[in-house]
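Please find below a colleague's note on the model under review. It is set out as numbered points, to be read beside the sequence and the coordinates.

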Amino acid sequence: MRKEQVEELVNKVKEEVVQWRRYFHQYPELSFHEEKTAQRIADILSTFEGLIISRPLPNSVVADLEGRGEKRVAIRADIDALPIQEENEFDFASKNPGVMHACGHDGHIAVLLGTAKVLSQLRKELKGNVRFIFQPAEEMPPGGAKELVERGVLQGVDFVIGEHLWTPLPVGKVGIVYGPMMASADMFTIKIIGKGGHAALPHYTVDPIAISAEVVTNLQHIVSREIDPLEPIVVTIGRISGGTTDNVIPNVVEMAGTVRLFNPGIREEISSVMERIIKGITTAHRASYEFNFKPGYAPVINNKGVVKVVEEAVKELFGEEAIVRIKPVMGGEDFSAYLERVPGTFFFVGAGNEEKGIVHPHHHPRFNIDEKALEIAVKIFVYTTFKLLSQ
Ligand code: NI
């Protein structure tokens, strides 16, 4: 497949891709509730030739394109929106109050539809097969990817690729990472159980506030004193609550937080390390505790061979200067559910543009993307698919 051919075909669908993005932007749906979005996707896909469409869940769509050959590439888009009231004023702003595509997943849907349209036109030249996966609920653990994988969407798949439109990167740039790219995202709650009483008579109490303060500080010793400094890890307490007024020591303090890291070996042990510290401190001070660790998304670890194919595709399409070797990010992504089973890669497609005022971060009520990024992403998906299938 010559890149000129890809460019020509993508140029023919790029206007339509923008229109799709604007349509989905107007009708966002929350995680696990993407039924109308999925139906609309299926309706659009049904107008392309050669696709076998299935619906593993009512809020998901999977489409298979059969070419000539054994190998199969899966390409994934996440389709959910966020509980945010949109503050953009353009005419395609959200029509669903309190719900907004503030992470660019509207663009992901449009990009994958455009990719499916172009590849369906090229199916006779494909040396293998392509599976398009439109996945619900990326934004809310346990995520939609896990359930789709359990329902068999990776059966017969040799490679999996996915992208995120990314406004911290300017449009025209593509961010890649060889190896670990996004962190695991596990959650926990801690309850410190003391004995309440009068604030002026602390010796009759077991003060859970003072003990919690020590727990918060000492949990950071895991990061600074127990883990290899060359292994990135974040332990954050995002919520702490206890007490009602100045002169009362409460019975209980509750905390909640998250752990982010890349190394699966450390991830396996982290909850027992945390519990050892919580137990030690509470025991030392006559308190007790409840500790609940809830595994979230696994880390996104890219297959270096597949990253190389994407990098080559981007360089041929847009030149060497388009590639940015970005640093891994501590955010989580349930794309990891696919990467745990099949070699593949996730990558970031630059979608920011300071001159156009497209500067707001993801999940912001004024989040927007430079729509030029959409056609760039379609080109990368189409060209990379050909490269992977002709390996
Ligand atoms: Ni996102």
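1. Basis of the model. The structure is a predicted model, in which local features need pLDDT of at least 70 and side-chain atom pairs count only at pLDDT 80 or more, whereas totals for chains, interfaces and linings use all residues. Residues are numbered from 1 along each chain as its sequence is written, and side-chain values use heavy atoms, with hydrogens and water left out.

2. Domains. The chain is divided into domain 1, made up of residues 3-183 + 299-390, and domain 2, residues 185-297; these bounds come from an automatic or database domain assignment. Taken over C-alpha atoms, the centres of domain 1 and domain 2 are 38 Å apart.

3. Domain interface. Contact between the two domains involves 21 residues of domain 1 and 11 residues of domain 2, where contact means heavy atoms within 4.5 Å. The size of an interface is often given as the accessible area lost when the parts come together. Here about 1,100 Å² is buried between domain 1 and domain 2, and carbon and sulfur atoms give 72% of that area. A183, P299 and M330 supply 51% of the area that domain 1 buries against domain 2, more than any other three residues. Buried area is the accessible area (1.4 Å probe) that two parts lose on being put together, summed over both. Zero salt bridges are found by the rule across the interface of domain 1 and domain 2.

4. Metal site. Which residues coordinate the nickel ion? They are C103 through SG, H105 through NE2 and H164 through NE2, at 2.1 to 2.3 Å. The spacing of these donor residues in sequence is C-x1-H-x58-H. Donors are N, O and S atoms within 2.8 Å of the metal (3.2 Å for Na, K and Ca), and sites may look incomplete because water is not among the atoms. C103 counts as buried at 7% relative accessibility, and H105 is buried with a relative accessible area of 0%. In these terms, buried means under 20% relative accessible area, exposed over 50%, and partly exposed in between (1.4 Å probe, protein chains only).

5. Helix α2. The buried residues of helix α2 (residues 35-45) include T37, A38, I41, A42, I44 and L45. These residues lie on the same side of α2, because they cover an arc of only 160° around the axis; the arc is that of the directions from the helix axis to the C-beta atoms. Among the elements that cover the buried residues of α2 are α1, β1 (51-54), β2 (61-65), α3 (105-121) and β4 (129-135). Helices (H or I, at least four residues) and strands (E, at least two) are DSSP runs, numbered from the N terminus.

6. Salt bridges. The structure holds 30 salt bridges, each defined as a side-chain nitrogen of Lys or Arg within 4 Å of a carboxyl oxygen of Asp or Glu. One of them joins E8 and K12, with the closest N and O atoms 3.9 Å apart. E8 and K12 are separated by about one helical turn, because they are four residues apart in helix α1 (residues 3-26). E8 is partly exposed at 49% relative accessibility, while K12 is exposed at 62%.

7. Further salt bridges. R72 and E66 meet through their side chains at 3.5 Å, N to O; R72 is buried at 12% relative accessibility, whereas E66 is partly exposed at 36%. In the salt bridge of E340 with R341, the closest N and O atoms are 3.9 Å apart. E340 counts as exposed at 53% relative accessibility, and R341 is likewise exposed at 53%. A network of salt bridges links K14, K372, E375 and K379.

8. Backbone. Which form, cis or trans, does the peptide bond from P141 to P142 take? The bond is cis, with omega near 5°, and P142 is placed in the loop between β4 and α4 (144-150). F32, a residue other than glycine, has a positive phi near 75°. F32 lies in the loop between α1 and α2 and is partly exposed at 28% relative accessibility. H363, also a residue other than glycine, has a positive phi near 75°. The loop between β16 (344-352) and α9 (372-389) contains H363, which is partly exposed at 38% relative accessibility.
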